Amino acid sequence: DLLTYSDLQSDAGRIPGAMQNLGSNTADRCAVLLPTGLDFIRVFCGIQAAGMVPMAVNPELPPPSLISRIKSAGCRFAVVSKPLLETIPACQSIQYLSIDALTQNGASRQVRGSPQPEDGAFLVATSGTSGENRTAMVLHRNVMASVRSSAQRLDIRDDDTLVIWVPLYHSLGLNRFVMGGIYFGRPVHLVSPGLLNLRRWLETITRVRATVTGAPDFGY
């Protein structure tokens, strides 16, 4: 599948109106429980366009852990895939939404103006290596500082192609390859994460002649 920048603007632009119709407010928090793919990027950017704060969460966590994490982060809404929507237990404080609910109910397309540097860009769970996972707020100025430094450090050029195998709920995948890919204006190829997909990751790098990729040490 292919998602152009024009398509992303159009698809994400439907989501603010849908969220308003569902009773959302600016700065509300919304969990994104979707696998790696273009729908994740559409939804994540659409939530930001609504002036809300998205939080990418690993959709493969056990349901009790999912609910605990999004509740502790203060999320009023959670966008989930159809299979997960059928199995995740109900929670009174969280409104579960399907992708169809966002794309079919957003005719108004009311996109908020440009965010301010101190506005929240997204929430991310800490690694939990020294204790329980905590939720950290990443500001728009943090995102811009990160992608600008990445562009400089990686010497991003007009002919670069990126391939990402890291999960999009991971800060590396989300910041450098989703937010960064948009900032760089370069094509990004998504490979589903997991040790079973290591060969597919390498094959994709070869097929598209990628110049930039990334992974944790155990991937290498």
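## Pro115

Pro115 lies in the loop between helix H6 (99-103) and strand S5 (120-125); helices (H or I, at least four residues) and strands (E, at least two) are DSSP runs, numbered from the N terminus. With a relative accessibility of 36%, Pro115 counts as partly exposed (buried is under 20% relative accessible area, exposed over 50%, partly exposed in between; 1.4 Å probe, protein chains only). Pro115 is 70 residues from Cys45 in sequence, with a C-alpha to C-alpha distance of 13 Å.

This is a predicted model, in which local features need pLDDT of at least 70 and side-chain atom pairs count only at pLDDT 80 or more, while totals for chains, interfaces and linings use all residues. Residues are numbered from 1 along each chain as its sequence is written, and side-chain values use heavy atoms, leaving out hydrogens and water.

## Nonpolar cores

A nonpolar core is a set of buried Ala, Val, Leu, Ile, Met, Phe, Trp, Tyr and Cys residues joined through side-chain atoms within 4.5 Å. The largest one has 32 residues, and Phe40, Val43, Phe44, Leu102 and Phe122 have the most contacts inside it. Among the elements giving two or more residues to this core are H1 (5-12), H3 (38-49) and S5 (120-125); H3 gives the largest share, 6 residues. A second, separate core of 18 residues includes Leu33, Leu66, Val80 and Tyr96.

## Helices H7 and H8

The axes of H7 and H8 come within 9 Å and cross at roughly 75° (axes are lines fitted to C-alpha atoms, for helices over the stretch in contact, and angles run from 0 to 180 degrees between N-to-C directions). H7 and H8 are therefore roughly perpendicular, a class covering 65 to 115 degrees, with under 35 roughly parallel, over 145 roughly antiparallel and the rest oblique.
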